[in-house]
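Work through the following exercises with the sequence and the model side by side, trying each task before reading its solution.

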Amino acid sequence: MKYFEVIFNIKCPAELMQDARDLLAAMAGEAGFETFEETPDGLKGYAQQTLFDRAALDGVIADFPFGAGIVDYTVGEAEDRDWNEQWEQQGFEPIVVANGGLVIHDGRHLPDTSQLAGQPSLSVEIDARQAFGTGTHETTRMVCSQLLELVPRALQGAGAPPTLLDCGTGTGILSIVALKLGASAALGYDIDEWAVDNARHNAVINHVDERFEVLQGDASVLNTIDRKFQIVVANINRNILLADMPLFREKMAEGATLILSGFYTEDIPLLESRACEMGLRLTGQLADNNWACIRLE
């Protein structure tokens, strides 16, 4: 997957720099950026080349509240490298979600249950190989916490175990969590072939590969799927969620739940409005460090 690296130079007093960085990162999400890192003079932002919207970025710069001419930027191709090289070489410490309801770990760092309040109800191993989703990010943890509530609730009902649609599956972690909780099947897709291979690998090491199908492509692959799902999850950036929500809605079974994350709390009204157009209503929301997760039914 090819990325642009955009270097933002922010010209403002030192005492306002952090506020300017935070505001710019929030606003630039409209132009397709996935992540940022701070620099002494501002920010570096990273966007997939196919999703980068330069016109939208120019609009953000022109409307920047700190004033015209405060921000300028240069665009270059990001180094084509393994973005999770650190995870592959060093791994990550076990991550506890929902007060011990779930522990996520890699193969190098096994969970120490003696340090937890009680025995975790679920343990998931993730090897990240050029794919997003180890559980370290706020959005992943929030979606996992929603699944810890929804899947057991569905199993207590009179119907069959739920099925899951995982939009932008990354490492496959969300599908794997749902399957290990008792979901009967999961279908995931991702535009990145590395992510597809990684998700399949993680399904094998968690012994759920027979119930987890992974496809390569964007949301258009859903046009080839003729079944519906009780739970649909999408942890992607705001603009993709807004564009693809009609396809998500088409694949929701009657009474299904849609879980969305990957955006900021200030984006909730926009996403809720889009969902309402399709007959969905907001039934829950979470926030962590200004990242948001919403549940729609």
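**Exercise 1.** Which residues of α7 are buried?

*Solution.* Before starting, note that this is a predicted model, in which local features need pLDDT of at least 70 and side-chain atom pairs count only at pLDDT 80 or more, while totals for chains, interfaces and linings use all residues. Residues are numbered from 1 along each chain as its sequence is written, and side-chain values use heavy atoms, with hydrogens and water left out.

Step one is to locate the helix: α7 covers residues 238-250, where helices are DSSP runs of H or I with at least four residues, strands are runs of E with at least two, and both are numbered from the N terminus. Step two is to apply the burial cut-offs, by which buried means under 20% relative accessible area, exposed over 50%, and partly exposed in between, using a 1.4 Å probe and protein chains only. The buried residues of α7 are then R238, I240, L241, L242, D244, M245, L247 and F248. Step three is to look for their cover, which includes β8, β9, β11, β12 and α8 (268-277), with contact taken as heavy atoms within 4.5 Å.

**Exercise 2.** Find where α7 bends, and by about how many degrees.

*Solution.* The bend at a residue is the angle between axes fitted to the seven residues ending there and the seven starting there. For α7 this gives about 55 degrees at D244, and the proline P246 follows within four residues.

**Exercise 3.** Is L155 buried, partly exposed or exposed?

*Solution.* L155 lies in helix α4, and its relative accessibility is 36%, so L155 counts as partly exposed. Leaving aside residues up to four places away in sequence, L155 touches P161, P162, L181 and G182. The C-alpha atoms of L155 and G182 are separated by 7.5 Å, although these residues are 27 apart along the chain.

Note on methods
The expected span of a helix is 1.5 Å times one less than its number of residues.
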